[in-house]
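Work through the exercises below with the model open. Try each task before reading its solution.

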Amino acid sequence: MPSFEHLSELLDPVGTVLLTVECQQGVVGPDSALPELAQEARSSGALDRIARLVAAAHESGVQVIHAVAERRPDGRGANHNARLFRAAERLPVRQTTGTAAVRIAPPVEVADEDLVVRRLHGLSPISGTDVDPLLRNLGCRTLVVTGVSANIAVPNAVFDAVNRGYTVVVPADAVAGVPSEYTPAMVRNTLALVATITTTEDVLACFARKRP
């Protein structure tokens, strides 16, 4: 874990953006297409911690971006080249544009100043989306990555951000995946090699210290 002083330097509000990954009702809500993942996100406390981080970001002036995965009703432009995509087409709940499934799930709150980036294809919240140019226009240097899943979208976001030159901070208790034991192993053996790993409480403390 980094020292508080080092983490506080990384999380200067002027150059920090908080990213939530697929914290949408159709993924982590009570009527999720992926009930096992939704249950893990809630029972682990990860979703509540993400909500606390978002609220603290709003108070401290840290920009928030919500990355949402969705698809058109006709599926046009969506991927079909992996088992995951083909399985998603058979699920009873689909992440269809304009439906409740692609709204940010409570208790995470969306403020007027938040940016919501929606993607119709692929696995990454960053590659091939508006996230990277938005981060550059915002002057982002440090990206705090939270959300689901630790299996696919979260590591994709971390790798893509690092490849684009951003420093990445991951509050390990604000991400979730399945099974539950997979997430800490993935964080320890993979994300820790490329990102600064910390906790929600430490990020909150840094945000409070920088509060205007």
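**Exercise 1: a serine in a helix**

Ser60 is buried, with a relative accessible area of 3%. Buried means under 20% relative accessible area, exposed over 50%, and partly exposed in between (1.4 Å probe, protein chains only). The model is predicted: local features need pLDDT of at least 70, side-chain atom pairs count only at pLDDT 80 or more, and totals for chains, interfaces and linings use all residues. Residues are numbered from 1 along each chain as its sequence is written, and side-chain values use heavy atoms, leaving out hydrogens and water.

Task: find the helix that holds Ser60, then find the backbone oxygen that its side chain reaches.

Solution. Step one: Ser60 belongs to helix α4, residues 46-60. Helices (H or I, at least four residues) and strands (E, at least two) are DSSP runs, numbered from the N terminus. Step two: the Ser60 side chain comes to 2.9 Å from the backbone oxygen of Ala56.

**Exercise 2: strand β1**

Task: decide which faces of β1 are covered, and identify the strands that pair with β1.

Solution. Step one: count the cover. Six of the six residues of β1 are buried. Step three: look for partners. Two strands pair if DSSP finds at least two bridges between them. β4 (residues 142-148) runs parallel to β1 and is joined to it by six bridges. Here Leu18 stands opposite Val144. β2 (residues 63-69) also pairs with β1 in the parallel sense, over five bridges. There Thr20 faces His66.

**Exercise 3: backbone exceptions**

Task: locate the cis peptide bonds at Pro107 and Pro179, then examine phi at Glu22.

Solution. Start from the background. Most residues other than glycine have a negative phi, and most peptide bonds are trans. Step one: Pro106 and Pro107 are joined by a cis bond, with omega about 10°. Pro107 sits in the loop between α5 (83-88) and β3 (115-119). Step two: the bond from Val178 to Pro179 is also cis, with omega near -10°. Pro179 is in the loop between β6 (175-176) and α8 (182-189). Step three: Glu22 is not glycine, yet its phi is positive, near 55°. Glu22 lies in the loop between β1 (16-21) and α2 (25-28). At 14% relative accessibility, Glu22 counts as buried.

**Exercise 4: helix α7**

Task: list the buried residues of α7 and name elements that cover them.

Solution. Step one: α7 spans residues 153-163, and its buried residues are Ala153, Val154, Pro155, Ala157, Val158, Asp160 and Ala161. Step two: their cover includes β1, β4, β5 (167-171), β6 and α8. Step three: go just past the helix. Gly165 has a positive phi of about 95°.

**Exercise 5: Phe4**

Which residues does Phe4 touch, not counting those up to four places away in sequence?

Solution. Phe4 is partly exposed, at 30% relative accessible area. Step two: search for contacts, meaning heavy atoms within 4.5 Å. Phe4 touches Asp202, Ala205, Cys206 and Arg209. Step three: check Ser43. Phe4 and Ser43 are 39 residues apart in sequence and 28 Å apart in space, C-alpha to C-alpha.

Key. A polar contact is a pair of N or O atoms within 3.5 Å; within protein, one must be able to donate a hydrogen and the other to accept it, and residues adjacent in sequence count only if both atoms are side-chain atoms.
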